[in-house]
Amino acid sequence: EFQNKAPAKSPPTYTVAPPAPPSKMTQPTTTYAPAYAPAAYKPPKEFDVIASADGKTLHMVGEINVGSAIILKNAIRKNPKAKLLAMSSVGERLIEGVAMAHIVREFGLDTYVGFHCSSSCTFAFLGGKNRILAPHAKIGFHQASNSFYFLNPNQDIISEDGNMLMRSLYGSAKMDAAIIDEGLKTSPTEIWYPETAKLLAGNVV
């Protein structure tokens with residue numbers, strides 16, 4: 001369970017610093033989506049956390065897989081000035097996303113979506129002390145998938161245990177029940193993107 005402290009009456013305003021120059025990065029700058037990116041933009045598959053030049057912003061990109069939470073925690077430890085985690089990820093592993101939520105809370109970071117955050121990425125986002133969504137940015141939800149389905153298609157693709165965990169964690173973040181219900185009706189092979197007004201009213205942002 002993760003519950004955020006009550007946000008300040010006026011959440012902080014950020015000028016989101018871009019990633020550091022290529023010589024200081026493990027991926028090129030083009031892997032980070034700006035606040036408004038072309039429709040053709042797709043986040044990179046390889047997970048990474050890249051610090052801005054001033055060390056105050058961390059850019060989390062790529063698919064969330066085994067070991068991603070440790071990469072995030074190590075990046076935060078290496079950049080003690082970090083206050084904001086800007087993320088662009090399609091998610092993936094449920095447990096890694098849950099671990100990220102706890103890490104974000106542990107270090108008291110604010111979270112920011114400038115373009116896209118879905119699936120297990122939403123857990124990391126909800127861990128933010130203040131949660132910020134850029135204009136045109138999307139946050140997406142769907143049901144948990146059964147990993148064994150992809151090895152044996154005769155099994156059910158939906159993980160009911162995973163859905164129960166997701167419902168509990170979304171509820172502990174005080175998300176509106178209607179958003180949780182709709183998200184957990186959406187097939188694991190699809191993504192539901194609520195309108196920004198719903199995200200605001202439903203305490204996602």
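A residue is called buried here when its relative accessible area is under 20%, exposed when the area is over 50%, and partly exposed in between, with a 1.4 Å probe and protein chains only. The structure is a predicted model, in which local features need pLDDT of at least 70 and side-chain atom pairs count only at pLDDT 80 or more, while totals for chains, interfaces and linings use all residues. Residues are numbered from 1 along each chain as its sequence is written, and side-chain values use heavy atoms, with hydrogens and water left out.

The protein contains six helices and six strands; helices (H or I, at least four residues) and strands (E, at least two) are DSSP runs, numbered from the N terminus. Their order from the N terminus is β-β-α-β-α-β-α-β-β-α-α-α. Of the 205 residues, 51% count as buried.

Strand 2, helix 1 (residues 68-78) and strand 3 form a right-handed β-α-β unit; a crossover is right-handed if, with the strands pointing away from the viewer, the path from the first strand over the helix to the second runs clockwise. Strand 3, helix 2 (residues 94-106) and strand 4 form a right-handed β-α-β unit as well.

A search of the whole structure finds one disulfide, that is, a pair of cysteine sulfur atoms within 2.5 Å. It joins C117 to C121, with an S to S distance of 2.2 Å. The torsion about the S-S bond of C117 and C121 is about -115°, so the disulfide is left-handed. Both C117 and C121 are buried.

T122 lies in helix 3, residues 121-126, and is buried with a relative accessible area of 1%. Leaving aside residues up to four places away in sequence, T122 touches C117, I139, G140, F141 and Y170, contact meaning heavy atoms within 4.5 Å. The side chains of T122 and Y170 are also joined by a polar contact of 2.7 Å. Such a contact is a pair of N or O atoms within 3.5 Å; within protein, one must be able to donate a hydrogen and the other to accept it, and residues adjacent in sequence count only if both atoms are side-chain atoms.
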